[in-house]
Amino acid sequence: MKIPFKVDLTGKTAIVTGGSGTLCSAMAYGLAVSGAKTAIIGRNQEKLLKVVNKLTEDALNEYGKDVIVKGYSCNVTDKNELEKAYSLISSELGTCDILINGAGGNQPGAIASTEMLKKEKGEDDYSFWNLDEDKIRDVMDVNYMGTLLPIQVFTKDMVEKRSIINIASVTSILPLTKVVAYGNAKSAIFNLTQWLAVHFGESGIRCNAIAPGFYAAEQNHSLLFNQDGSYTARAGKIIAGTPMGRFGNPEELIGAALFLASDEASGFVNGIVLPVDGGYSAYSGV
């Protein structure tokens with residue numbers, strides 16, 4: 001992966017939740033190559049180790065740099081686990097300067113199977129009336145509480161010029177069909193970002209968000225591509241609604257993350273939600 005421009009984050013400690021995922025691992029890579037000691041948080045220790053090894057190898061091969069990236073297994077919806085993880089991170093890498101809240105996701109049972117209800121309602125386990133309330137709570141929990149709780153735990157040491165970067169979504173801006181719980185949770189991240197920008201404003205902590213558009217990642221591959229590699233019907237709609245006519249590449253999020261992480265580049269930027277979506281949120285479809 002290429003770093004689009006240089007910022008100097010030497011001496012900073014960055015924490016990236018959801019850091020073993022495709023998008024957040026790319027942003028973690030950008031922070032690490034820019035000099036930040038980077039902690040990635042995820043639930044699967046084996047996956048964390050693979051990502052840590054890949055990021056360190058890529059940085060060495062691409063830039064000849066020895067970077068500091070460490071993985072920490074933690075459930076971001078459990079405050080006690082977060083506090084234990086932060087105690088370890090602080091002792092090994094230092095207190096938090098940059099926080100990217102990327103943990104999140106969706107799951108079956110919280111997704112309607114039809115885009116719009118028809119008058120002739122058929123039997124459907126995933127229609128709106130049959131959505132699983134426990135799955136809805138799970139999605140809201142991991143996306144919203146999984147952002148709020150790390151901020152509570154990790155930002156106590158961040159007073160003065162420091163940066164929180166939440167990961168919102170284009171569905172924070174324009175609701176997507178089917179994904180009701182995920183869209184609700186990501187809309188809450190939009191509001192939380194603006195609320196925190198005001199609440200922390202005089203403390204020197206800046207809070208902004210990135211709203212990724214549609215990226216072909218491991219977790220959504222089967223939703224976007226048929227077995228023969230062609231687009232699914234839903235992927236075709238997404239591409240038709242994206243003025244740039246393609247999916248994003250994970251490394252295209254690195255520039256936005258570095259811009260918002262850098263006090264020199266964005267020291268007076270606070271409370272924004274930055275779409276990185278190929279124009280999706282700007283297009284009405286007409």
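**Exercise 1.** Where does tryptophan 129 lie, and is tryptophan 129 buried or exposed?

*Solution.* Keep in mind that this is a predicted model.
- Step 1: find the segment. Tryptophan 129 sits in the loop between β4 (98-101) and α4 (133-154).
- Step 2: apply the cut-off. Exposed means over 50% relative accessible area. Tryptophan 129 has 55% relative accessibility, so it counts as exposed.
- Step 3: look at its surroundings. Together, Leu117, Phe128 and Trp129 make a nonpolar surface patch of about 400 Å².

**Exercise 2.** Work out which way the residues of β6 point and whether they are buried or exposed.

*Solution.* 
- Step 1: sort the residues. Ile205, Cys207, Ala209 and Ala211 point one way from β6, while Arg206, Asn208, Ile210 and Pro212 point the other way.
- Step 2: check the cover. In β6 (residues 205-212), 8 of 8 residues are buried.

**Exercise 3.** Find the strands that pair with β6 and describe the sense of each pairing.

*Solution.* 
- Step 1: take β5. This strand pairs with β6 in the parallel sense over 6 bridges, and isoleucine 165 has asparagine 208 in β6 as its bridge partner.
- Step 2: follow the connection. The chain goes from β5 through α5 to β6 in a right-handed β-α-β crossover.
- Step 3: take β7 (residues 273-276). Its pairing with β6 is also parallel, over 4 bridges; here alanine 211 has proline 275 in β7 as its bridge partner.

**Exercise 4.** Describe the backbone and accessibility of lysine 178.

*Solution.* 
- Step 1: locate lysine 178 in the loop between β5 (162-167) and α5 (180-199).
- Step 2: read the backbone angle. Phi is positive, about 75°, although lysine 178 is not a glycine.
- Step 3: classify the residue. With a relative accessible area of 26%, lysine 178 is partly exposed.

How values were computed: Residues numbered from 1 in each chain as written. Predicted model: local features only at pLDDT ≥ 70, side-chain atom pairs only at ≥ 80, totals over all residues. Heavy atoms only, no water. Patch = residues over 30% accessible without salt bridge, like charges linked within 9 Å, V, L, I, M, F, W, Y side chains within 5 Å. Areas by Shrake-Rupley, 256 points an atom, 1.4 Å probe, with all protein chains shown as cover. Salt bridge = Lys/Arg side-chain N within 4 Å of Asp/Glu carboxyl O. Helix = DSSP H or I, 4+ residues; strand = E, 2+ residues; numbered from the N terminus. Buried < 20%, exposed > 50% of the residue type's maximum accessible area, 1.4 Å probe, protein only. Pairing = 2+ DSSP bridges. Right-handed = clockwise from strand over helix to strand, strands pointing away.
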